[in-house]
Each structure stands twice: as structure tokens, then as C-alpha cells.
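Q: I would like to learn how to read local features from a set of coordinates. Could we go through them one at a time?

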Amino acid sequence: AIAARPARATVAAPTLGLLCRTRMQVEAALSIEGIHELVLDFLEVHGLKDACLQVQAAGRRLVVAAPRIFKPGEERLWRYYCRLEPDALLVRSAGLLWSLQRLGGSGTLLDDGKTRIPPLHGDFSLNSANLISARYLLKAGIKRLTLSHDLNAAQIEALVRSLPAEERDCIEIIAHHHMPIFHTEYCVFARFLSDGNNYRDCGRPCEHHIVHLRDPGGGDHLVQADIGCRNTVFNAAAQSAGPLLGNFLNAGIRHYRVELVDEPGHEVAGIVDSYRLALAGQLSPQTLRQRLGKVSDANDRPQGVGLGSLAVRVEPHR
């Protein structure tokens, strides 16, 4: 006898969002059909407002990404993001979530009398790794939640299937990204590309130069400084959920996000189109992997692609 396949969960058509880190990527994204929303995660506040207005004028859904860390005295930054009137704010730290919830959460009018806290999306760094934490964050006001990268594909699928249908619809999968593998307050740019010590006297080389750390295997890992001069190192090879999209769709997940790091603007359309076709069942995982394996970085070097943290690995016998 042939075992019956598990019934596919009732799910609306999948949505595809794109996270952009440069103005060039935004402009390339706005020329592409099939992108449900744009997430702007800019290095600097400079130019962010114009990019937001450009996205809103194009009729796309706008999400602004907050930095991973806020220090005391940096509250003005998230208030600025709220004043941009995005459709959602991507929250990356429990501290920021606590601060916003303490003020009243989404929809609350701030003390200036005109700025409201937008709907809140929770990123992977909130570290939701089990059913308890996922439900807690969703009940705390997170409208869309990306699960922790500590979970492999099988664990993500099991967790999502355990959620009630209305909460399952709030889960988002990062279908393509470069894993942030290191985050530090130490600034590589100030140390090696200037004679200064901090943003007051370094000359802001991070605004004019692209820096990669090359490993012995030839992989170029991008170093990016955020608005607080903190550095993040992104893995050279992209992590792709391409071979797993069918399983995630069957589990009832309908929100998917592609994250760009330093991919040139001319690469954006090919990446997005590949995932759009894969989600529609019109592109095989093998063909998707072949296409993505040819994508180059800012140094015009192929990045490579793999399952990364999504791979289901068997622990060796002790």
C-alpha cells in the first residue's frame, strides 16, 4: 500500500519581500515585479528618507530595519525610523521591543503628538527557538516573526505546524541571505582605513569603501558598519532555503524574504526572479542552486550557496 501524503495546510499565495542595504539595490528592486515589500536596512540614516519616499511612491510595502543594538542615548534613532511612517518596523533586539511595548506598542501616538509606532516585525535575533518563545513574541505584539537561526529546517517545520493557524500565518522565512557570523563594537574601518579612533575623527571611511575579510579558502566575507559604528561580518556564501520551499509551503508558511548584502544592482532581478519561480513551483531546486551559485559580490567573485544552518545534521555518536 502507498502511504498517503500529509494534507497540505491551507495557505494563501506566498509573498516575497526583499531586504536592501544600498540605494542601488532599492532602485533595481523597484523595477522588478513580484516583490511584495521592501525592507530597508541602510548603513547610514543619510539617504534613508529619500529611499523610503521612493518605495512608498512606487506603491510597495515599506519596512524599515532597526539596528541590532541600541545603547542608552540612542532612542532618537528608533523615533526617526517611526517618523518615516513605514508600514512596519523590523525589530532586532528585545530591548527595543520592550521600549516600544512600554510606550504602548503598535499604533501608539508618541509624545510629539504626530508620530505613531508602526506595526512591529520580529527578526531572527529575537532568538525565537521554540513554541513558547514564538507564541510569547506574537502575543507581545509582533505581527510577523522570523524564527531563530538555531533551528534547522525540520525543527522550523515542526514548530510552525504546532502553531494555531492564525499565528502560523505570522511566520516569515528568510529564503536567501548571508548569515551574519560576527557582530562587534570594534570598527575595522576606523582601525585600518583612518588615523582616527571613532566617528568624530575617523573621516567615516565606511561610507566610501567596501571591505571584505578573505579566508584561506578564498571566501570574501563582507564587513559592514552600522549607524552606531558597530561592525557585522557576513558569511561569503549565501544560505538558501531553495530545496526546502516545498516543505515550508506545505507547513503553511506564506511569508518569504530575500536579503541582499553587497550584491550589485544588476544581480538583483535574477535572484528575485529565481525565488519567485521556485515559490510558484516553476523552478526546480537544482536549477535554482545553479543560478544562485553564479551570483557575484562587489568584488565580482562568485559567492556560492548552500543550506547553511537549515541543514538537518545528525549528531555523531559520542
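Q: Where is E85 found?
A: This is a predicted model, and the answers below apply to that model. E85 is found in the loop between α3 and β4.

Q: Is E85 buried or exposed?
A: Its relative accessible area is 59%, and the cut-off for exposed is over 50%. E85 is therefore exposed.

Q: What is there to read in the phi of E85?
A: Most residues other than glycine have a negative phi. E85 is not a glycine, yet its phi is positive, at about 55°.

Q: Which other residue other than glycine has a positive phi?
A: N127 is one such case, with phi near 65°. N127 lies in the loop between β5 (residues 120-122) and α5. With a relative accessible area of 43%, N127 is partly exposed.

Q: What does L84 touch?
A: Leaving out residues up to four places away in sequence, L84 touches L48, K49, C52, Q56 and V64. As for a separation across the model, L84 and D300 are 216 residues apart in sequence, and their C-alpha atoms are 34 Å apart.

Q: How do I read the burial pattern of a helix, and which residues of α5 are buried?
A: List the buried residues, then look at their directions around the axis. In α5, the buried residues are S133, A134, L137 and L138. They cover an arc of only 130° around the axis, which puts them on the same side of α5. The face turned away from that buried side carries the exposed residues I132, Y136 and K139.

Q: What covers the buried residues of α5?
A: The cover includes α4 (94-103), β6 (142-146), α6 and α7.

Q: Which side-chain oxygen is found at the start of α5?
A: It belongs to N130, and it reaches to within 3.3 Å of the backbone nitrogen of I132.

Q: Which residues are buried in α6?
A: Helix α6 spans residues 153-162, and A153, I156, E157, L159 and V160 are buried there. Seen down the axis, the buried residues of α6 fall within an arc of 165°, so they line one face of the helix. Their cover includes α5 (131-139), α7 (165-168), β7 (171-177) and α9 (245-250).

Q: Which residue caps the N-terminal end of α6?
A: N152 does, with a side-chain oxygen 3.1 Å from the backbone nitrogen of A154.

Q: How many disulfides does the structure hold?
A: The test is a sulfur-sulfur distance, with a cut-off of 2.5 Å. The structure holds zero disulfides. For C20, the nearest cysteine sulfur is that of C52, 11 Å away. For C82, the nearest cysteine sulfur is also that of C52, 12 Å away.

Q: Are C20 and C82 buried or exposed?
A: C20 is buried, with a relative accessible area of 0%. C82 counts as buried too, at 3%.

Q: Where is T15, and what is it in contact with?
A: T15 is found in strand β1, which covers residues 15-20. At 11% relative accessibility, T15 counts as buried. Apart from neighbours within four places in sequence, T15 is in contact with H36, R254, H255 and Y256.

Q: Where is E267, and what does it touch?
A: E267 is in helix α10 (residues 265-279). At 15% relative accessibility, E267 counts as buried. Not counting residues up to four places away in sequence, E267 touches K294, V295 and S296.

Q: Last, the rings. What sits over the ring of F192?
A: The charged end of R191 does, 4.9 Å from the ring centre.

Q: How many aromatic pairs are there?
A: A pair of aromatic rings is described by the distance of the centres and the angle of the planes. With centres required to lie within 6.5 Å, the count comes to one aromatic pair.

Definitions and conventions. Residues numbered from 1 in each chain as written. Predicted model: local features only at pLDDT ≥ 70, side-chain atom pairs only at ≥ 80, totals over all residues. Heavy atoms only, no water. Phe/Tyr/Trp six-rings, centres within 6.5 Å; stacked < 30°, edge-to-face > 60°. Lys NZ or Arg CZ within 6 Å of the ring centre and 35° of its normal. Helix = DSSP H or I, 4+ residues; strand = E, 2+ residues; numbered from the N terminus. Buried < 20%, exposed > 50% of the residue type's maximum accessible area, 1.4 Å probe, protein only. Contact = heavy atoms within 4.5 Å. Arc of directions from axis to C-beta. Polar contact = N/O pair within 3.5 Å; in protein donor to acceptor, adjacent residues only side chain to side chain.
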